[in-house]
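Please keep the sequence and the model in view while reading.

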Amino acid sequence: MCDEAARSRVLVVGATGRLGGSLVRASLAAGHPTSLAGATLVKGSLEDYPSLLEAVGQVDVVVCAVPTKQALEQKPLIRAIKEAGCVKRFIPAEFGLDPTKVQIRGMDHGFYEKKIEIRHLIESEGIPHTYVCCNFLMRYLLPSLVQPGLDAPPRDEVKIFGDGNTRGVFVEETDVAKFTICTIDDPRTLNNTLYLRPLGNVYSMNELVDLWEKKINKFLNKIYITEEQLLKNIEGKR
């Protein structure tokens, strides 16, 4: 059912989301014929298997950007990819921390287990793939200087978790999208994991606070919260 003559055609599932839209724009900019969201609209739904199979059968690359809470809904997509037999690369909805390397102490409500289950299914079906792990998207934590509940950086008092020296990676969706699309024709990433860790995007909380203090020309009152206290606070809100 697949047209072998056409190559590098990309289907973006979840193209209406912020990351999905960025993926579509990056794919188009790179010259890939791209289905969904502002490019070629292909009828297909994760809940309608025949239409999903038809959509998958028209492309060679599938990129999925559905929210993690919908991770298991990729199962029919994987089935369609397997049945179509023409997809040379599947990039599932990862785009965060590597689920195989995270220790979350049972407080993630199955967040990472879902991604691991999808990985196992992809690999057991022998589907060519690339996992993209980009750590933290900037828009979730950076605008508040990693202060849960705030929409902007504090100007008087800041909470620092642990000793503040553990470094995190903060990336922007458009950059994630560009790097993701670059993997499509790169043999080095086939059946491998791509970790996005640009050196200029790696900062500890102490470093972020220092940058902010220089920006506003003011020292903040720093409250250090130990790991034990943080876990107690989280447990108390469950």
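Glu173 and Arg139 form a salt bridge, their closest N and O atoms being 2.2 Å apart; the term denotes a side-chain nitrogen of Lys or Arg within 4 Å of a carboxyl oxygen of Asp or Glu. This pair links distant parts of the chain, with Glu173 in helix α6 (residues 173-182) and Arg139 in helix α5 (residues 138-141), 34 residues apart. The model is a predicted one, in which local features need pLDDT of at least 70 and side-chain atom pairs count only at pLDDT 80 or more, while totals for chains, interfaces and linings use all residues. Residues are numbered from 1 along each chain as its sequence is written, and side-chain values use heavy atoms, leaving out hydrogens and water.

**Salt bridges**

- Side chains of opposite charge can pair when their charged atoms come close.
- A search of the whole structure finds 12 salt bridges.
- Arg18, Arg139 and Glu173 are linked in a network of such bridges.
- Glu173 counts as buried at 4% relative accessibility, and Arg139 as partly exposed at 32%; buried means under 20% relative accessible area, exposed over 50%, and partly exposed in between (1.4 Å probe, protein chains only).
- Arg188 and Asp186 meet through their side chains in a salt bridge of 2.8 Å, N to O. Arg188 is exposed at 69% relative accessibility, whereas Asp186 is buried at 15%.
- Glu213 forms a salt bridge with Lys222, with 2.6 Å between the closest N and O atoms. Glu213 is buried, at 7% relative accessibility, and Lys222 is partly exposed, at 32%.

**Aromatic rings**

- Two aromatic pairs are found in a search of the whole structure. Rings of Phe, Tyr and Trp (its six-membered ring) pair if their centres lie within 6.5 Å; planes under 30 degrees apart count as stacked, over 60 as edge-to-face and the rest as tilted.
- Phe111 and Tyr112 form an edge-to-face pair, 4.9 Å centre to centre with 70° between the planes. Phe111 is partly exposed, with a relative accessible area of 35%, and Tyr112 is buried, at 12%.
- Arg79 lies over the face of Tyr49, at 3.9 Å from the ring centre. A charge sits over a ring if NZ of Lys or CZ of Arg is within 6 Å of the ring centre and within 35 degrees of the ring normal.
- The charged end of Arg119 sits over the ring of Tyr131, 4.1 Å from its centre.

**Nonpolar cores**

- The largest nonpolar core has 25 residues, and those with the most contacts inside it are Val13, Val56, Val62, Leu77, Ile81 and Phe90. Such a core is a set of buried Ala, Val, Leu, Ile, Met, Phe, Trp, Tyr and Cys residues joined through side-chain atoms within 4.5 Å.
- Two or more residues of this core come from each of β1 (10-13), α2 (49-56), β3 (61-64), α3 (75-84) and α4 (111-124).
- A second, separate core of 23 residues includes Leu23, Ile91, Phe95 and Val132.
- Beyond its neighbours within four places in sequence, Phe90 is in contact (heavy atoms within 4.5 Å) with residues including Val62, Leu77, Ile81 and His129.

**Overall make-up**

- The protein has eight helices and 11 strands; helices (H or I, at least four residues) and strands (E, at least two) are DSSP runs, numbered from the N terminus.
- Buried residues make up 45% of the 238 residues in the protein.
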